[in-house]
Amino acid sequence: MSWGPLQPARIDFSDGQAPGAPVFGDVYHPQAGAAGQARQVFLGGNGLPGRWAGRPRFVVLETGFGLGNNFLATWAAWQQDARRCDRLWYLAIEKHPPRPADLARAHAASAWPAQAAELLRQWPPLTPDMHLLDFDGGRVRLLLAFGDIAQVLPELIASVDAFYLDGFAPDRNPAMWDAWRLRQLPRLAAPGATLSTWNTASALRQGLQAAGFTVHTQPGQGGQREMTVGCFAPRFTPPVPPGRQPLAGVRRVAVVGAGLAGAAVAAALAGRGLAVQVVDRQAGPAGETSGNAGGLFHGVVHAQDGTHARWLRAAALHTARLLRPLLASRQVAGAVNGLLRGEQVLAAEAMQQLLATLALPADFLQVVPQGRGACWLYPDGGWVAPAALCAHWLGQPGITGRYGQAVQRLRRSPAGWQLLGNAGQLLAEADAVVLCNAADAQRLAGAGTGAGATWPLQQVRGQTTILPAGLSGAPGLPRPLADGGYVLQLADGRLLCGATSQRDDADPALRPADHLQNLATLARLTGWAPTLDPAPLGGRVGWRLQADDRLPLLGPLPDAGAIVSTVVGTVVGTVVGTVAANIGPRPPDQPRRVARQHGLYIFTALGSRGITQAALGAEVLACWLTGDPVPAPAALVDALDVARFTTRAVRRAARPPVWCGRLP
Ligand SMILES: Cc1cc2nc3c(=O)[nH]c(=O)nc-3n(C[C@H](O)[C@H](O)[C@H](O)COP(=O)(O)OP(=O)(O)OC[C@H]3O[C@@H](n4cnc5c(N)ncnc54)[C@H](O)[C@@H]3O)c2cc1C
Ligand SMILES: C[S@@+](CC[C@H](N)C(=O)[O-])C[C@H]1O[C@@H](n2cnc3c(N)ncnc32)[C@H](O)[C@@H]1O
């Protein structure tokens, strides 16, 4: 379900002391200033900074990010604390995020000028997504969820240590204090979680008590007599669904495959201090499909704003955020300079209408004139050299590579998993394995584990063409063009165009006929049609692995035994009738309820969007594995979850038989 369309905040700055929100008839913080409230009510009310001392991770969840004052205060306190936690996660929900100019104005005289400037520098496009921003080298991570609390709170996957409840006054902003909303807090609360708020309404206190918090009041701040603090002390703790449990005590992880998926996963895990060993059958990183000289990344737009559009938008914005400093430092070739994409169905007016309906901001998407019509401009899109990106990710501290070794099968061991080579030799041993070996992952998941047999995957061959730099009449391309194919200019001036698309085609050779097809795409996109002998042209062949729903396969592998018994149980239940169906355990109707293999994960089937999806997919997987807050809504995680094929099978088996005979 989409959280959009998003309405940015309307902020009234006429009162020099406290900015106001005319829509709510309230101010963002007391007249006495934001700093005092942040320190006393939110940090102090949650026992911070003391409570995070010495911990590897501490998670704060704020309802109502507003202008970010509480975040800046918390981040500054963390920076100043010698006993701070290793990593601070700050999750925040906001229905009306401020536009950059308003955020800048609100912090013109900030109590935390350096932090405010950095927040502003990273402030994301205002799209209805989760945006993960890294500060202090990734030790402080801000996960901004732009949407209404009623929709966002049930979609969070996190274990929260401290809640900051900060809506506007309850009579003007009841949605933020609703008793049903508070019922979500126990699901998210870590053992010993605390909360605080300036709100002392008795209805709120009763709601919090009903949600399992012990609640009391403390002296208030900024003219308020009292404030409310609470501690999570539930009588009953709901179990974490089997598909969402992190892997306790994990230290070593083996990753099979050094393409975009494997390299991104390795970097995400190593960045958390885990020891990562990458094994690949090729002589070095990106030896197969990820080895192209360049490739595109960008979001998509769709009238329904469904799963696919939301996932690719969030993934593209995440990739741009990550790549921008990397490309600027010239460690990896590429550019985040925008991308133009043709529109095959809508006329210019309808495109504008769609933009307005979805309220997508201009820094994510614009309609720009092209010829007699219009095309889309993705300002945060661009191109990158995927092989160089893989090498960069795999060069991070904590990662070792073992190349030229094919993993033939997996074997469980007392320590976790063993990766065995062609002659049965031990290649690696780890607490957990992540399969990122594209089409071969399905075989490997089946060999020794029994999973993967029924994933509906397909391989699509593709060939790119590279034209030498400096050809007479060649257009200069400040940004890539895409429309049923693409063309981009590499850093050395060569043009890369592509790509063909052939199913059931295993030919690894470059084909002149495919080059001609790519040259035709080039002519269509740029109007330049060089007459060239295709035979000597350079290029590359690879295979896109894609699932039938065009989404990656991600997460812990389903337990094969559980799958069989569940499906059989469901069939028997359906046939024998409701009585039989009701005595067995409930078949898992959502991926999160499917039982999993211990320590065996997958990330593959990135289709033709590996660059766009690798980084965010890897983050989601790393968070899932380690128990960090997941930077994607639960519904999206379910949609990506490899166990979706198990629940599909269960649903299919549970469907009543259709009678196909002729009526008399
Ligand atoms: C022609 C073409 C153009 C494309 N253009 C774009 C584009 O512009 N933008 C974009 O985002 N995407 C593009 N793509 C898609 C993108 O390249 C893929 O999505 C991406 O490369 C997939 O990465 P991967 O890591 O999943 O797979 P791979 O790169 O195939 O990596 C899998 C790795 O696993 C290793 N491996 C396999 N089996 C074993 C085993 N048993 N033991 C050890 N190692 C093993 C392989 O050696 C390989 O290195 C294009 C694809 C093609 C074919
Ligand atoms: C008091 S302000 C928060 C101030 C903020 N904590 C700070 O440090 O600057 C309350 C915030 O709640 C947001 N809000 C109001 N209703 C909401 C809803 N239904 N869902 C999510 N956010 C909401 C408002 O837009 C506003 O930014």
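# Questions on ligands, cores and single residues

Tutor: Between a nitrogen atom of ligand 2 and a polar side-chain atom of Asp 166 there is a distance of 2.7 Å. The model is predicted: local features need pLDDT of at least 70 and side-chain atom pairs count only at pLDDT 80 or more, while totals for chains, interfaces and linings use all residues. Side-chain values use heavy atoms, with hydrogens and water left out; residues are numbered from 1 along each chain as its sequence is written, and chains are lettered from A and ligands numbered from 1 in the order in which they are written.

Student: Why is the pair between Asp 166 and ligand 2 called a polar contact?

Tutor: A polar contact is a pair of N or O atoms within 3.5 Å; within protein, one atom must be able to donate a hydrogen and the other to accept it, and residues adjacent in sequence count only if both atoms are side-chain atoms. The pair at Asp 166 is 2.7 Å apart, so it meets the limit.

Student: What share of ligand 2 does the protein bury?

Tutor: Taken alone, ligand 2 exposes 600 Å², and the protein buries 98% of that. Accessible areas come from the Shrake-Rupley method with a 1.4 Å probe, and for residues only the protein chains shown count as cover.

Student: How many residues surround ligand 2, and what makes a residue count as near?

Tutor: A residue is near a molecule or strand if one of its heavy atoms lies within 4 Å of it. The residues that surround ligand 2 number 22, with Glu 62, Gly 64, Glu 94, Ile 149 and Asp 166 the closest. By class, this shell has 8 nonpolar, 9 polar and 5 charged residues, where Ala, Val, Leu, Ile, Met, Phe, Trp, Tyr, Cys and Pro count as nonpolar, Asp, Glu, Lys and Arg as charged, and the others, Gly among them, as polar.

Student: What makes a group of residues a nonpolar core, and which members of the largest one touch the most others?

Tutor: A nonpolar core is a set of buried Ala, Val, Leu, Ile, Met, Phe, Trp, Tyr and Cys residues joined through side-chain atoms within 4.5 Å. The largest has 136 residues, and Phe 71, Leu 119, Phe 163 and Phe 213 touch the most other members. Its largest share, 11 residues, comes from α17; helices (H or I, at least four residues) and strands (E, at least two) are DSSP runs, numbered from the N terminus.

Student: Is Ser 413 buried or exposed, and how do you know?

Tutor: Buried means under 20% relative accessible area, exposed over 50%, and partly exposed in between (1.4 Å probe, protein chains only). Ser 413 has 12%, which is under 20%, and therefore counts as buried. Ser 413 belongs to strand β20 (residues 409-413), and its side chain makes a polar contact of 2.7 Å with that of Glu 429.

Student: Why is Pro 242 placed in its class of accessibility?

Tutor: With 36%, Pro 242 falls between 20% and 50%, so it is partly exposed. Pro 242 lies in the loop between β10 (226-232) and β11 (252-256). Not counting residues up to four places away in sequence, Pro 242 touches Arg 592, Arg 593, Val 594, Ala 595 and Arg 596, where contact means heavy atoms within 4.5 Å.

Student: What is noted about the phi of Asp 305, and which class of accessibility does Asp 305 fall into?

Tutor: Asp 305 has a positive phi, about 45°, although it is not a glycine. At 6% relative accessibility, which is under 20%, Asp 305 counts as buried. Ala 438, also not a glycine, has a positive phi near 45°, but its 38% lies in the range between 20% and 50%, so Ala 438 is partly exposed.
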